[in-house]
Amino acid sequence: MKLLVLRLRFDVLFYVLRFSRRLQFTDSSIQFSVHNYIFFSYFCIFFFPLSVMQLNRVFHRCCAANMLIVCFAISCSDVADAQNDSVGGVFRFADTVYPSVGKLKYQVDLFDSLTDGMPTSFDDLYDDTPGIFTFRGNGFRNAPFTGHVEGRPDTVTVEWVFCTAYDGRMTDYGVWGGGTGWTGQPLYVCWPDSAVERFRVESPALTDAFSTEEIIVGSLASCVYFIDFASGDSSRRSLPTDNTIKGTVSLDPTLNGNLYVGQGIPCTGSFGALTFNLFKHRRSHFFGRDRKAWRGWGAYDSSPLRVGDFLFRPGENGTLYKFLIKGDSLRLHSTLRFRRQGDARAAGMEASMAFCQSRGYVSDNRGNIVCFDLSTLQPIWCYDNHDDSDGSPVLAVEDGHPYLYTACEVDKQGPTGVCHFVKLDAEDGGLVWQQTFDCRRIVDEDKTFDGGQFATPLIGVGNCDSLIFTNIVTNSTPGIKGDFVALSRKDGRVLYRTTLRHYAWSSPVALLNDEGEMFVFTADTRGRVYLIDALSGEILFSKRVGANFESSPIVVDNHIVLGSRGRKIYKMSVESRNSR
């Protein structure tokens with residue numbers, strides 16, 4: 001009899017624990033207390049030597065107490081939410097699927113039915129990291145790593161140059177060599193003392209140059225490199241990835257040592273997405289070809305994001321993957337596959353996903369901008385932005401409401417077309433405003449160069465906090481040129497267009513001086529770097545430094561780290577000659 005009662009209690013416990021895990025409270029201390037109280041009460045039922053009658057009495061009292069504490073916690077959470085809403089601290093998305101989803105044919109597949117799909121938290125874990133751990137720094141992809149300069153900067157000097165290997169293997173897509181490609185942004189990490197001590201004990205790969213500040217970057221040379229930020233020397237042995245890396249690697253924001261890497265071009269062997277354990281300096285997980293994908297190309301240029309206990313990884317095979325993170329390995333939880341109604345196959349996702357609270361945002365080669373639920377992967381809305389959209393969507397909260405900025409290329413439109421730069425309501429996908437730029441797609445020396453936006457936009461700060469900036473490939477003549485553009489975030493008005501010597505795929509970054517004046521560093525595909533007064537568009541400095549800057553930079557204080565095609569990675573300083 002007692003065994004039967006225990007079995008029944010076990011069944012109830014299982015479902016209560018699953019229910020308690022779904023409870024998400026604004027106050028993390030409340031959530032911790034609720035979950036632990038529930039677990040403790042049922043632990044006592046199972047492991048204390050009670051008679052059947054006592055067991056029944058205790059069980060029912062625990063159930064009643066659990067319901068009271070859950071109701072109390074929910075009421076406390078609602079009060080906290082209301083207080084946050086009243087000061088604009090928290091925006092709540094409506095639980096609605098909008099009619100625009102009807103433009104899509106989609107399929108959600110669940111592979112792990114025992115694990116609840118709701119992330120343990122919707123906080124942006126990247127906000128509290130000691131460095132820059134993913135493409136553009138966080139879940140909003142809004143590059144919060146603003147630099148600092150003295151006075152009015154007017155020069156850029158090279159501090160060190162790191163040389164990668166050269167991969168001369170001939171692939172079906174040519175020889176990729178070394179250095180970095182698109183998006184190829186380096187990561188910067190200032191390791192805490194606990195991590196440094198653990199690395200020194202466990203890692204077999206550290207060099208004498210290893211220190212707390214480290215640059216991590218994926219390379220076209222089919223390796224991940226580790227560079228001492230101060231000296232430019234190798235801080236540990238490189239990690240071989242077998243195949244070319246074009247995109248930006250991503251470091252787990254919980255400092256568990258996981259590095260997430262996507263392969264970009266197949267050179268040999270299996271082709272897909274990898275996880276490395278940096279403490280052990282070894283590969284810990286590989287996800288290869290997906291035979292269920294709606295598109296055959298299996299590259300991963302997108303920089304994945306961790307939300308709660310899940311990793312979200314868009315693929316160029318038209319599939320969004322959601323993995324449960326288990327130590328240094330991953331377990332596939334669910335997938336979202338989608339394509340435009342009437343299309344024969346899906347489009348690939350090269351842009352990096354953004355997220356805000358419980359919503360994720362992706363764009364693809366067809367111009368689909370899709371918002372989806374992070375727990376269920378259910379699409380919420382879809383916006384048609386006309387053409388290939390490889391630049392990552394950027395989120396911003398304005399007057400307490402979230403908005404999304406993105407733009408498309410001129411690819412499928414033909415030799416001439418329009419780059420559509422749009423501001424969307426991030427809740428329902430409604431168009432707030434649209435700005436257009438005439439661009440060309442050209443062929444030069446048997447290579448095709450699409451027009452439009454390949455960069456990811458930059459939200460203005462300081463004296464430019466009402467603006468947004470981007471690089472547009474116009475391919476105007478003479479030469480193959482592009483514009484650095486400033487737009488009003490309020491209405492999309494173009495404040496200025498500064499013509500660059502060559503077109504730019506690289507994403508711009510911001511620096512502020514003590515007066516709150518904003519300056520922009522950007523680079524073009526002929527290896528030229530620029531300093532621009534963000535308010536006026538005036539070019540303050542321009543010089544050719546590298547071979548081809550397709551990659552996006554990071555900025556730490558007044559230091560820029562940026563990779564180039566042709567083997568070289570640079571650390572540069574932005575300075576004012578008058579303040580030296």
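Leaving aside neighbours within four places in sequence, V307 is in contact (heavy atoms within 4.5 Å) with P119, S121, F122, F312, F355 and L374. This is a predicted model, in which local features need pLDDT of at least 70, side-chain atom pairs count only at pLDDT 80 or more, and totals for chains, interfaces and linings use all residues. Residues are numbered from 1 along each chain as its sequence is written, and side-chain values use heavy atoms, with hydrogens and water left out.

Stay with V307 for a moment. V307 lies in strand β13, residues 305-307. Strands here are DSSP runs of E with at least two residues; helices are runs of H or I with at least four; both are numbered from the N terminus. V307 counts as buried because its relative accessibility is 0%. Buried means under 20% relative accessible area, exposed means over 50%, and partly exposed lies in between, with a 1.4 Å probe and protein chains only. Now look at S121. Along the chain, V307 and S121 are 186 residues apart. Their C-alpha atoms are separated by 6.9 Å.

Step back to the whole protein. The protein has four helices and 39 strands. Of its 580 residues, 60% count as buried. Among contacts in the protein with a separation of 6 or more, 59% join residues 24 or more positions apart. The accessible surface comes to about 22,900 Å². Carbon and sulfur atoms hold 52% of that surface. These areas come from the Shrake-Rupley method with a 1.4 Å probe, and for residues only the protein chains shown count as cover.

Next, the interior. A nonpolar core is a set of buried Ala, Val, Leu, Ile, Met, Phe, Trp, Tyr and Cys residues joined through side-chain atoms within 4.5 Å. The largest such core has 50 residues, and F469 and F521 have the most contacts inside it. Strand β34 (residues 518-523) gives this core its largest share, five residues. A second, separate core has 40 residues, including V307, F310, F312 and V370.

Two strands pair if DSSP finds at least two bridges between them. Strands of a sheet pair through backbone hydrogen bonds, either parallel or antiparallel.

Walk across the sheet from β3. β3 and β33 (residues 509-512) pair in the parallel sense over two bridges. Here G147 stands opposite L511 in β33. β33 and β34 pair in the antiparallel sense over four bridges. L511 has F519 as its bridge partner in β34. The hairpin of β33 and β34 has five residues between the strands, and G516 takes a positive phi near 80° there. At the other end, five bridges join β35 (residues 528-533) to β36, and these two run antiparallel. Y530 stands opposite S542 in β36.

Now turn to strand β38 (residues 559-563). Five of its five residues are buried. In a regular strand the side chains alternate between the two faces of the sheet. From β38, H559, V561 and G563 point one way, while I560 and L562 point the other way.

Three bridges join β37 (residues 554-556) to β38, and the two run antiparallel. V556 stands opposite H559 in β38. Two residues lie between β37 and β38 in their hairpin, and D557 in the turn has a positive phi of about 60°. β38 also pairs with β39 (residues 568-575), in the antiparallel sense over five bridges. I560 stands opposite M572 in β39. The hairpin of β38 and β39 has four residues between the strands, and G566 takes a positive phi near 90°.

Finish at a loop. D411 sits between β23 (409-410) and β24 (416-425). Is D411 buried or exposed? D411 counts as buried, because its relative accessibility is 17%. Leaving aside neighbours within four places in sequence, D411 is in contact with D387, D388, R441 and D450.
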